[in-house]
Amino acid sequence: MKPGLAELRWAYLLFALLALETLLVAWLAPQPAALVLVLPLLAVQGVAVWLAPRIVTLVRGHRLLKESFEQELDFARQVMESVDHGLTVLDGDGRFTYVNRAYAQMLGLPASALVGRTPFEFTVPDDHTQLQEGRRAREAGQASSYRTRLKRTDGTTLDVIVTGTPQWHKGRIVGNFAVIAPLRELMDDLCCEERRQA
């Protein structure tokens, strides 16, 4: 069913009821008084007829916009979840608001366990300086890349390259995005590329 079609049917039913009411008033009321009673009803019906298509168009547009937004959001989630590298979104306080599956797997935790926490909790303490410098650069509106080590739940560490960019909204920075790539995979990719070129 097309968006707004149900609303349009209800509007037609309302018009039919108003028309029936007008006929009943005209038929049951004494003749001189009937005209005085029918004129306001006719005016209301005229306004309703004028408003109905506009309301249906508005409802249809809102519903289509909502469906389009949901499709785009679903597509964006699919893209972010299908990427092999870790993707994170941090708010202005430096807390995760989104973490994709690949990043969660790097740490050995479910993604839901990471939301609301900070990258400092999962980074080797000796590397916190790099995190702070990267955050300062993004707060200044610049992208940054740095090498760091993640603490995994099994007690091991994972060398990664973090590339972060500021997240802008209405001319101000409200957080940042980061791509986290295991250094081992990057080195393997570079070696394969060098072999292909040789």
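Student: What volume does the largest cavity have?

Tutor: In this predicted model, the volume of the largest cavity is about 190 Å³. The structure holds one cavity of 30 Å³ or more.

Student: What makes a space a cavity?

Tutor: A cavity is a set of points where a 1.4 Å probe fits but cannot get out. Rolling a probe the size of a water molecule over the atoms shows where empty space is left.

Student: Which residues are the closest to the centre of the largest cavity?

Tutor: They are Pro119, Leu131, Arg138, Tyr146 and Val162, out of 18 residues that line the largest cavity. Two or more lining residues come from each of strand E1 (86-91), helix H4 (128-139), strand E3 (144-151) and strand E5 (172-182). By kind, the lining divides into 11 nonpolar, five polar and two charged residues.

Student: How many helices and strands does the chain have, and in what pattern do they follow along the sequence?

Tutor: The chain has five helices and five strands. Read along the sequence, the pattern is α-α-β-β-α-α-β-β-β-α. Of its 198 residues, 28% count as buried, a term that requires under 20% relative accessible area.

Student: Why is the contact between Arg117 and Glu121 called a salt bridge?

Tutor: A salt bridge requires a side-chain nitrogen of Lys or Arg within 4 Å of a carboxyl oxygen of Asp or Glu. The closest N and O atoms of Arg117 and Glu121 are 2.8 Å apart, so the pair meets the definition. Side chains of opposite charge can pair when their charged atoms come close. The whole structure has six salt bridges.

Student: What labels do Asp154 and Arg152 receive for their accessibility?

Tutor: Asp154 has a relative accessible area of 52%, and exposed means over 50%, so Asp154 is exposed. Arg152, at 27%, counts as partly exposed. Their side chains meet in a salt bridge, with 3.8 Å from N to O.

Student: What is noted about the phi of Lys170, and why is this residue called exposed?

Tutor: Lys170 has a positive phi of about 55 degrees although it is not a glycine. The residue is placed in the loop between E4 and E5. Its relative accessibility is 78%, which is over 50%, and therefore Lys170 counts as exposed.

Student: Which residues form a nonpolar patch on the surface?

Tutor: Trp10, Leu13, Leu17, Leu20 and Leu24 form it, with about 540 Å² of accessible area together. One of them, Leu17, is found in helix H1 (residues 5-28). Nonpolar side chains are joined into a patch within 5 Å, and each residue must have over 30% relative accessible area.

Technical notes:
Residues are numbered from 1 along each chain as its sequence is written. This is a predicted model: local features need pLDDT of at least 70, side-chain atom pairs count only at pLDDT 80 or more; totals for chains, interfaces and linings use all residues. Side-chain values use heavy atoms; hydrogens and water are left out. Patches are made of residues with over 30% relative accessible area and no salt bridge: like charges are joined within 9 Å, nonpolar side chains (Val, Leu, Ile, Met, Phe, Trp, Tyr) within 5 Å. Accessible areas come from the Shrake-Rupley method with a 1.4 Å probe; for residues, only the protein chains shown count as cover. Helices (H or I, at least four residues) and strands (E, at least two) are DSSP runs, numbered from the N terminus. On a 1 Å grid over the protein atoms alone, a cavity is a set of points where a 1.4 Å probe fits but cannot get out, and a pocket is an open set with protein on both sides within 12 Å along at least five of seven lines; lining residues have an atom within 4 Å of a point. Grid points are joined across faces, edges and corners, and a volume is the space filled by probe spheres set on the points. Ala, Val, Leu, Ile, Met, Phe, Trp, Tyr, Cys and Pro count as nonpolar, Asp, Glu, Lys and Arg as charged, and the others, Gly among them, as polar. Buried means under 20% relative accessible area, exposed over 50%, partly exposed in between (1.4 Å probe, protein chains only).
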